[in-house]
Amino acid sequence: MDRRKGSGSRDANGGGLAEATASRLRFEDADEVGMEVEVEDCPAAAAAEEEVIGNEKTSADYYFDSYSHFGIHEEMLKDVVRTRSYQNVITQNNFLFKDKIVLDVGAGTGILSLFCAKAGAKHVYAIECSQMADMAKEIVKTNGFSEVITVIKGKVEEIELPVPKVDVIISEWMGYFLLFENMLDTVLFARDKWLADDGVVLPDKASLHLTAIEDAEYKEDKIEFWNNVYGFDMSCIKKQAMMEPLVDTVDANQIVTNCQLLKTMDISKMSSGDASFTVPFKLVAERNDFIHALVAYFNVSFTKCHKLMGFSTGPRSKSTHWKQTVLYLEDVVTICEGETLSGTMTVANNKKNPRDIDITLKYSINGQRSKVSRTQHYKMR
């Protein structure tokens with residue numbers, strides 16, 4: 001496995017706007033030759049820096065602050081599966097966008113808005129709450145789309161649009177485990193408030209899937225490690241580590257069971273409460289092996305296109321920045337081909353911080369070599 005991140009919001013990768021100082025931005029690549037760039041040369045950066053200098057976060061919500069850094073946007077833009085999928089949906093289905101009013105929810109750098117403008121949209125309203133909105137405005141202007149794209153800085157739930165209705169809502173709202181960060185609620189709010197009766201939401205379908213893997217080496221290295229740390233028992237940390245889902249890339253060769261669909265969401269029709277659910281699962285072993293963890297991933301579909309389009313974040317598909325979500329089991333389950341690991345998974349927004357996710361996993365097996373029944377709780381934060 002390519003282990004780089006634990007659970008949590010998308011990493012800003014360091015750097016970015018937080019590195020702004022009183023009057024200048026220093027670019028890392030320029031350090032060796034002493035190059036410096038005046039902030040006032042870049043109005044968007046100057047505006048963003050003004051808020052940084054105050055040293056008081058303009059939003060108490062770290063979620064928006066994290067999206068102010070360019071590193072996270074670089075990671076997402078370089079995710080070819082993600083970005084090319086959206087580009088292909090827009091450019092190959094311009095009948096959905098030609099002469100239409102489009103709302104881009106969580107626009108970031110404005111890349112989706114730019115795709116829509118090139119596809120012939122009448123007007124695009126790009127809503128972005130983080131400081132990246134200032135950069136998006138400059139990007140739109142630099143690329144000659146100021147007459148077509150209006151960047152609005154603010155929370156979707158608090159702003160007003162200059163138009164009563166829009167024809168298309170497009171958004172890349174998906175988080176780790178599909179639902180982490182709870183941006184889906186924002187898309188649903190925008191849908192209910194602004195989408196025309198015959199309008200479309202893109203993407204309009206998303207599904208969550210589950211499988212099981214053998215992962216002895218990594219579990220030993222990262223979980224069992226806490227049992228004996230230079231001769232000291234630190235197993236209290238092990239308990240905490242077990243509760244935090246790990247976001248990382250799983251090798252397809254580690255998959256022990258079939259992959260099961262857990263939940264399908266129709267973004268055009270669902271309500272906010274549908275993102276909290278309890279679903280059963282039944283994973284059937286495809287070989288004799290051990291199971292150390294369950295792995296969740298999601299698929300996204302655009303069903304309003306000329307032909308079905310979309311992508312998967314599963315371990316058998318080309319990797320994305322979402323990777324997969326690994327839930328380690330307290331038990332090492334020995335499973336034989338044809339045997340079943342069954343149970344239920346409950347997913348709900350955390351009551352204190354609705355952008356976090358609480359997951360309850362109940363699983364059992366009554367096999368030749370393992371007889372286990374257990375409930376585990378996870379917190380994705």
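1. A cavity here is a set of grid points where a 1.4 Å probe fits but cannot get out, and its lining residues have an atom within 4 Å of a point. Strands are DSSP runs of E, at least two residues in length, numbered from the N terminus. The model under review is predicted.

2. Overall make-up. The chain has 381 residues, of which 52% are buried. Its secondary structure comprises 17 strands and nine helices.

3. Contacts and surface. Of the contacts between residues at least 6 apart in sequence, 75% join residues at least 24 apart. The chain has an accessible surface of about 18000 Å², and carbon and sulfur atoms account for 49% of that area.

4. Cavity count and volume. One cavity of 30 Å³ or more is found. The largest cavity holds about 40 Å³ of space.

5. Lining residues. The largest cavity is lined by Tyr176, Phe177, Ala296, Tyr297, Phe298, Thr313, Trp322, Lys323, Gln324 and Thr325. Two elements, strand S12 (289-302) and strand S14 (324-335), each give two or more residues to this lining.

6. Which element gives the most to the lining of the largest cavity? Strand S12 does, with three residues. Ala296, Tyr297 and Phe298 are the lining residues that fall within the 289-302 range of S12.

7. By class, six of the residues around the largest cavity are nonpolar, three are polar and one is charged.

Technical notes. Residues numbered from 1 in each chain as written. Predicted model: local features only at pLDDT ≥ 70, side-chain atom pairs only at ≥ 80, totals over all residues. Heavy atoms only, no water. 1 Å grid on protein atoms, 1.4 Å probe; cavity = no way out; pocket = protein on both sides within 12 Å on 5 of 7 lines; lining within 4 Å. Points joined across faces, edges and corners; volume = space filled by probe spheres on them. Helix = DSSP H or I, 4+ residues; strand = E, 2+ residues; numbered from the N terminus. Nonpolar A, V, L, I, M, F, W, Y, C, P; charged D, E, K, R; others polar. Buried < 20%, exposed > 50% of the residue type's maximum accessible area, 1.4 Å probe, protein only. Contact = heavy atoms within 4.5 Å. Areas by Shrake-Rupley, 256 points an atom, 1.4 Å probe, with all protein chains shown as cover.
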